[in-house]
Amino acid sequence: MEPNYVIQCINLTHYYGKKLVYENLNINVAEGRILGLLGKNGAGKSTTINILNGFLEPRSGQCLIYGENTQHLSPATKRRIGYLIEGHVQYAFMNVHQIEKFYSGFYPNWKRDAYFNLIDKLKITPHQKISTMSCGQRAQVALGLILAQDPDLLILDDFSLGLDPGYRRLFIDYMREYAKAEGKTVFLTSHIIQDMERLIDDILIMDYNRVLVQSPVQDFTSRFKEFTFELDRDDVELKEHPLAVNVEHLRNHYEFYTYGNETEVKQLLESQGIAYRNFKEEPMTLEDAFIGLTGKY
Amino acid sequence: MTSATKIIRLFLVLLGVTVLAMTLPDLYRKNFEERPVKKLIYYSEISKNFMISEEFSDTLTHESNTVYYDQTGKQYTEREYNRQLPFLYTRKLALLGELPDSVNGVKFDQQLVKSTKRGMLMPVSSFNFQLNPLFESESGKVRPEQPDDLFRINRHGIEFLNPETNRILPEKSRLFNEALETAGFQAPARDIYGIPSTLKARDDGYFIIDNEGELFHLKMVKDKPYCRHIEKDITVSSMKCMVPGDLYAYIYDDRQQLHILRTDYSIKPLPIRPGNGRFVYSVNCFYKSYKNTDNDSIRLYVLNADYDLEDYHAMENDSYAKSSVAQIEQYLFPLKIMITPGYAHLIPLFNPPGRFIWLNLFLMLVLAGIKIRHHRNLRDPFNWLDLAIAGAFGIFGFIAVLIFPNRK
Amino acid sequence: MTILKHLIYKEWVKTRWFASIALLLNLGVLVYIFMSLRSSFLSAGGVTYLSALLTYKTQFFSIYRYIPLGIALLVGISQFAPEITDKRIKLALHLPLHNLRIIYTMVVYGFVLLALCMIPGILIFTGLISIYLPAEITLPVLQTMLPWLLGGFCAYFLIAMIAMEPVWKFRFLYLLVSYKVLSLFFMHLPIGNAVSLLPVLCLVTCLSSIAPVYTSYRFNKGQL
């Protein structure tokens, strides 16, 4: 293992019963990087998180965090990992003071102020139980706890679940600033891709059974392009061509997704004798690129 | 799993086997047992015959049909049968005006009927309080009077206790201790047998086993202690004291043989095969009958006034154990675990290995197949232990091993 | 030691109200039994009352039978239900401690809490009834109640074991097994007759105390 990989998954293979989740997946997360794991429902995001946290044993392969197998993480390594459960699940029977008192005992570098800076912004009564708080308030508590813990590695499972745009933006801004300022490593999953775009350095896109992209976000968005054009017919088959990553069309309006460039695409159409018009490159957000890559439902 | 976890899991499997061995045979029997023919046997003081009734019931139609006959096979109607047993059917015969005037030359009246005593005898060892009231044996009253104290016999000897104050009565205790010592009693008492109730016509005191296993009789006669050592050549296992009659008590020895302790302190073994030790008795001035029912037969012993064997009859018992359902049970289950009456113990009752071994072997193979299908490591000795458990405990082991799986 | 204190703090926050109810329930029932005993003893007279008790072997304390089980349910469910809903056990297992240590701190806490809820009450009860009852009666009474107490502890450990099991199919099976196992502790036996069963019951209770090790192993190697 190279010295500055915080997370390293090697030839990870897992099945749910007979159904293959993925095969020979390899993931590397270098220190100080923020990796976003994207994929449709059922693509294996939660599986990966569970394996990383040691709650699931892969059928074969292994994951290492700070060089330790995630199935046998030592207490010292667990101390360096901050974990956000999907849905901001926390001990709902406690209030914000009790939960801080509880967790502070486990982490010697506990930063009380970091926690209360966030909590004081909440409009809650001092003894209000977490179970009575809204989703966004719970997210703030969860975020506060992670910041107070001051971990080296943060694993955030679907941090945007159930949050309204205001909270999501708060979360992303805090997270990015915190991670970059302190040199933290972050591994996160989310459904909401425009949030990811603001936050992550590297991207890992999973589809059923395979990894589609694993690279820095900039690399991906600069190389992956969408070209749109109109044809005379609406029954032209372009998907099979190696240049085409995905092709969508509505009547005779075509969207062509590719890692190639404009010249190559035009050459493809001309070589097949397909007349086209209004050929242009469409600028894509990360979400556009994701949908383009994985297809619409 | 670590080895420690695997060992814990094995203990849980064995617990599962135990629970299943207590539950499944019971469930099986409750669901499949056929209602047996109800057979009753009594001795007629009138004809000196054994009167037998057999009730056949149809579980579907709920109809029943009873036949009556004696040991020679002669059939009776229900009324004829009832007339042979006036001590049993007194009320019924009285309603029909068919009570006899006399039986064996003795006038058949209320007093004669009331002299019949019935009860059960069981060689069960169960808890008795080691604290009892010692009644005045010769108070001259109809019933014994409740005393103001209770006695116990511990390592200090006999102590009389005032329950209101929880204090010992020193004088009375000293007086009775002297009597006990004179009789050769070695404190503390192992067991005390008697009838600690005032609801009896006469008080016979208590029969006490001392620390050496010797038997003593203790009474209070006109406020004075009466303690007598009783010679015996048997080891007393348990006793049942009788409401005053010609016996002090029945005694079970260590081989479950039944004896009587007569009021002259003689101990006589009854001419009765111990069997399972459980008897239903019916005694009057004419005969003493003891009925023992086990899985194979029903045996009725009739003894005369001197407790010598007068007559005896045995008949086959259509018990559950003989039914085809029970036979099948022996092929299904290697054992069943039951709880004893009296002092509760869990005891296993094993079936003949030759019967259940085939199912056990089959289940072993099925389990091996399941393990192979789930890619279990057959080099792991714990997987072989699982197979051994299925082989030894059959369906119990098979289910227990699957309920507590050896998790990868 | 500080880490232990914090773990115990969480358990305390979860269980404090339920444990208080359990303690009051235990004391309340025992005091009620004592008051009934006292009232019967004084109105009938000591000798009469005791003779009747000796003859008929009356279990004047039988309403206490299922109280230990109730206490175990109160403590066990209040402790483990919050841990398993929404898979919150992941929070505990993510703490920087060995998993078994986390789980067994919880289990030992529950056991101690249970003991504190039940045993002082029993001791007070023993002292009180000894005012009216001699040792020959008090001891068999306690021997008859002891299986119920052990049943309470055993029930608690089985609740922990079932809570740690993540697969519902097996939870249901273990619930069935637990029902049968616990029925051994709560049989209706005549006074004093349960003493011979105590060694088996102690063994089963000890075994149940280590049963959570088996199901909690699932979290390390299984499905959550």
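Colleague: Is A:Asp202 buried or exposed?
Modeller: The terms rest on relative accessible area: under 20% is buried, over 50% exposed, and anything in between partly exposed (1.4 Å probe, protein chains only). The relative accessibility of A:Asp202 is 12%, so A:Asp202 counts as buried.

Colleague: What pLDDT do local features need here?
Modeller: Residues are numbered from 1 along each chain as its sequence is written, while chains are lettered from A and ligands numbered from 1 in the order in which they are written. Side-chain values use heavy atoms, leaving out hydrogens and water, and because this is a predicted model, totals for chains, interfaces and linings use all residues, side-chain atom pairs count only at pLDDT 80 or more, and local features need pLDDT of at least 70.

Colleague: How far apart in sequence are the parts tied together by A:Asp202 and A:Arg33?
Modeller: The side chains of A:Asp202 and A:Arg33 meet in a salt bridge, N to O 2.6 Å (a side-chain nitrogen of Lys or Arg within 4 Å of a carboxyl oxygen of Asp or Glu). A:Asp202 belongs to strand β9 and A:Arg33 to the loop between β2 and β3 of chain A, so the parts they tie together are apart by 169 residues. Helices (H or I, at least four residues) and strands (E, at least two) are DSSP runs, numbered from the N terminus. The separation remains 169 residues.

Colleague: Which residue meets A:Asp150 in a salt bridge of 2.7 Å?
Modeller: A:Asp150 is not a glycine, yet has a positive phi of about 55°. Its relative accessible area is 16%, so A:Asp150 is buried. The residue whose side chain meets that of A:Asp150 at 2.7 Å, N to O, is A:Lys111.

Colleague: Which helices hold C:Lys14 and C:Glu83?
Modeller: C:Lys14 and C:Glu83 form a salt bridge, with the closest N and O atoms 2.6 Å apart. The pair is 69 residues apart and links distant parts of chain C, namely helices α1 and α3.

Colleague: Which element gives the most to the lining of the largest cavity?
Modeller: A cavity is a set of points, on a 1 Å grid over the protein atoms alone, where a 1.4 Å probe fits but cannot get out; lining residues have an atom within 4 Å of a point. The largest cavity is lined by 16 residues, and among those nearest its centre are A:Tyr83 and C:Leu91. Two or more residues each come from β6 and α5 of chain A and from α4 of chain C. The most, 4 residues, come from α5(A).

Colleague: What is the volume of the second largest cavity?
Modeller: Its lining includes C:Arg65, C:Trp148 and C:Phe185. Elements giving two or more residues to this lining are α6 and α7 of chain C. Taking volume as the space filled by probe spheres set on grid points joined across faces, edges and corners, the second largest cavity holds about 70 Å³.

Colleague: Where does B:Asp223 lie?
Modeller: B:Asp223 has a positive phi near 65°, although it is a residue other than glycine. At 54% relative accessibility, B:Asp223 counts as exposed. Its place is in chain B, in the loop between β13 and β14.

Definitions and conventions:
On a 1 Å grid over the protein atoms alone, a cavity is a set of points where a 1.4 Å probe fits but cannot get out, and a pocket is an open set with protein on both sides within 12 Å along at least five of seven lines; lining residues have an atom within 4 Å of a point.
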